[in-house]
Amino acid sequence: MATLSSQTRRAPWLFLLPFLAVFATFTLYPLIRAMMLAGQQTFGPGYTKWVGGSNFAALMNDALFWTALKNTVVFTLGSVFVQLPVSLAMAMMLEAKGLRGKGVYRAILFAPSLVGVSFAAVLFALMFEKRTGLVNQGLHGATAWLSLLSGKDLAWSLDFGWLEQHVMAALIVAALWMYAGFNMLFFSAALQNIRQDIKEAATVDGAGPVARFFHVTVPAIRPVAAFVVLLSIIGSFQLFELPYLMLNGGAGPNNRGLTVVMYLYQVGFETGDLGYASAIGWTLTLILLGFTIAQRMTARGEEVAR
Amino acid sequence: MRRSQSTADHEHGREGLPVLSFGGWLIVAIALVSTVLFAASPVPKQEGRSMWTFARMHWLMYQPMVEKWNAEQTTRVNMNLLSLPALERRMLGAFLSETPSADVIEVERKVASRAFTGPLDAVGFVDLTDRLTSEGLLDGINAPSFSPWTSRGRVFGVPHDVHPVMLSYRADLVEAAGIDVSQIKTWDDFARVMKPLMADNDGDGKPDRYLLNMWDTHDEHLEVLLYQAGGGFFDESGHMVIDSPTNAHVLATVVSWCVGKDRIAADAPDFSASGNKLKADGYVVCTLMPDWMGDIWKHEIPQLTGKVKLMPLPAWGAGVAAPERRTSVWGGTMIGIPRTAVKSPQDFEDLWKFVKHLYLNDELARDLYRVGGIVTPVKAHWKDPIFDEPSAYFAGQAPGRMYINLAPQVPMRSSSPYNNFARYRVQDALVKITEEAREQERAKPGSLNFDALLKRASEELRLAAKKVQVQIDRNVFLKEESR
């Protein structure tokens, strides 16, 4: 029996071994190596200098890092406060009673998230071009009548610099198009799980649509919403491809499109300072860890309250 | 008890094998066999030497020359075309880890400078200085073309090109307006003489076209103008010159071109469909044009055939370090031999012979110009009559001869690995001053003042210089070497 028991204990580890080997080689080792690298300056393995915490100290005084962090936070706020409400609104419309062809609408709204980021970035970069872009041309055409009526030049300027002065707005719009449909699915699933009898009871008690939304729908979808918010925050903090491609490999005028991961890329792979790039990477990890712990604690608090 | 026995049987295996079922053992066996087969399968061995290049045009052009080499020589060369980012990753990865890459690498300026970040003896390319000197190539090739591949006085590559810059203009529009471009000697002349072209024909209160394709966001255009004026980011000895009076003068002038009552510039981005449309529509009259750009225009804006002409860049005049210079430089490529490819003196001799066969070849010089409009840096080939042939695209002008005449004036550049970082910071300064100027013009039209712009440019450039210096000071390897 004892032999059997030890074999039983070993079996899961045997099954886990391939994963653990891959995890240790491609995740754990690079993580430890990156932690060591954050305290070094290197030019290949042959030229390494231990610089202690000076990479982190330099980061705290690096104006570009703070610009990148500020931009990333702005994008994250855009994702959370613009994208998620839009996703929820779309989900609520889809879950409305009596709507026919829900599957078709769901497919249409979800479709943009199936498109590659590169494609979306190129598409939006063209749309946001100054004089020839669809957005400025459309807005100019739509507002031209204002000029005719007022006799003043009130038409939208064709020279409006979406990718110059308003980079973050352009990125938030592009991300909204790409990811709103994806997040909608989470909210749809959560809305479908709300018990019909609770909604009916609230209606019988005289609750209107607004009261039902805040007192029935919101509490019911809160765990899913918290999860979607956390995913959104983590995804937003990892923003790279969209601005990199929309801004043609740069960070836009005055670094308005510079994000933390873009800065990490610039420092690590354009300037070649891998130690400093690792310090940026670890700082980003700590920020995201903070958000995750906060989310877990909030979720646990709610569970206890229930 | 029965259930427990059954589980034990299952775990022990009916065939007496412990823990795994037959299926489990089958998976393990397949994994082991495939691993052994994979590990034992022979790696295809490449015969001969390998060369990497990043430009399809170069790859096509080199084919006959490489075939000729392979037919005549015992050591074959296999040429591989890689995208520039792929080449950059592989080359730097190999250099940093001191593992083999290709035997010969052709690489663009911004990527090559990345190899110069560490100590001199860690540069991944073979130092060619002594060989270039002993064979007289340092004198035989246009001197400024070596500067992007020279680090701390040592040369690590043979230049592929010169890339002088001229100003292209819409000859159809300029000549229809009766403007004589020979009157234009300086940028001030340019604004004055060309001004009639900025008419408002549709009556919307705005000019229908602008004189120059230049904008505060065009970092490469700014770099071209800085070099022309004798400014830039680092001098030939590697000292930072970001906050020089010349740079401040150029920045202030560019702002005055983009904003205010004297605005002459507009944004028609290069390498984009929208920019090409604006150029074809005549929204901008003139564009900075290095020799390689002509070929791109021929393919992307063919409707301008016979409507475009070239002239030397207008000089900056007083206020800058190079007041008379009528050209600049944009881009550049070199060929180098990675150190890991040289295991014996004979290896170097073979590869050096191939490099010379390719880059000093008179046939290549002709092809380079015929196919890409690019002027060779090898001075002996400049006499070739191909450079005097008129171009239909440039309304019968001979661009080759015009570019060659300017080649000796091409400014020197630095190979600093901090060039890109410095360029971004100088552009940040330009964008900031331009936006302040726009605000000022909105609040008080016509109030822009050149002296005030110059003062702001100096202040912002000092801040930019500080940011770059912080980055450089963090490089312990360069610091140790300078001690």
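The model is predicted: local features need pLDDT of at least 70, side-chain atom pairs count only at pLDDT 80 or more, and totals for chains, interfaces and linings use all residues. Residues are numbered from 1 along each chain as its sequence is written, while chains are lettered from A and ligands numbered from 1 in the order in which they are written.

H10(B) spans residues 219-229 and is mostly covered. Nine of its eleven residues are buried, that is, 20 or more other C-beta atoms lie within 10 Å of their own, with C-beta atoms placed from the backbone (exposed means 12 or fewer, partly exposed in between). Among them are His221(B), Glu223(B) and Gln228(B). What do the buried residues of H10(B) pack against? They pack against E7, H11, E10 and H17 of chain B. Contact here means C-beta atoms, placed from the backbone, within 7 Å.

E7(B) also belongs to an open sheet of five strands with mixed pairing, in the order E9-E8-E10-E7-E11. Strands pair if DSSP finds at least two bridges between them. E7(B) and E11(B) pair in the antiparallel sense over five bridges. Ser168(B) has Leu310(B) of E11(B) as its bridge partner. E9(B) and E11(B) stand at the edges, each with a single partner strand, so one side of each is left without a neighbour in the sheet.

The largest nonpolar core holds 133 residues. Such a core is a set of buried Ala, Val, Leu, Ile, Met, Phe, Trp, Tyr and Cys residues joined through C-beta atoms within 7 Å. Met166(B), Leu251(B) and Val254(B) touch the most other members. H17(B), residues 419-443, gives the largest share, nine residues. Leu251(B) touches Ala429(B), Leu430(B) and Ile433(B), among others, not counting residues up to four places away in sequence. Apart from this core lies another, of 54 residues, including Met90(A) and Phe128(A).

Between the chains, 28 residues of chain B are in contact with 25 residues of chain A. H17(B) gives the largest share of the chain B side, five residues. H1, H4, H12 and H19 of chain B are among the elements giving two or more.

| Class | Residues of chain B touching chain A |
|---|---|
| Nonpolar | 13 residues |
| Polar | six residues |

Terms used
Helix = DSSP H or I, 4+ residues; strand = E, 2+ residues; numbered from the N terminus. Contact = placed C-beta atoms within 7 Å. Nonpolar A, V, L, I, M, F, W, Y, C, P; charged D, E, K, R; others polar.
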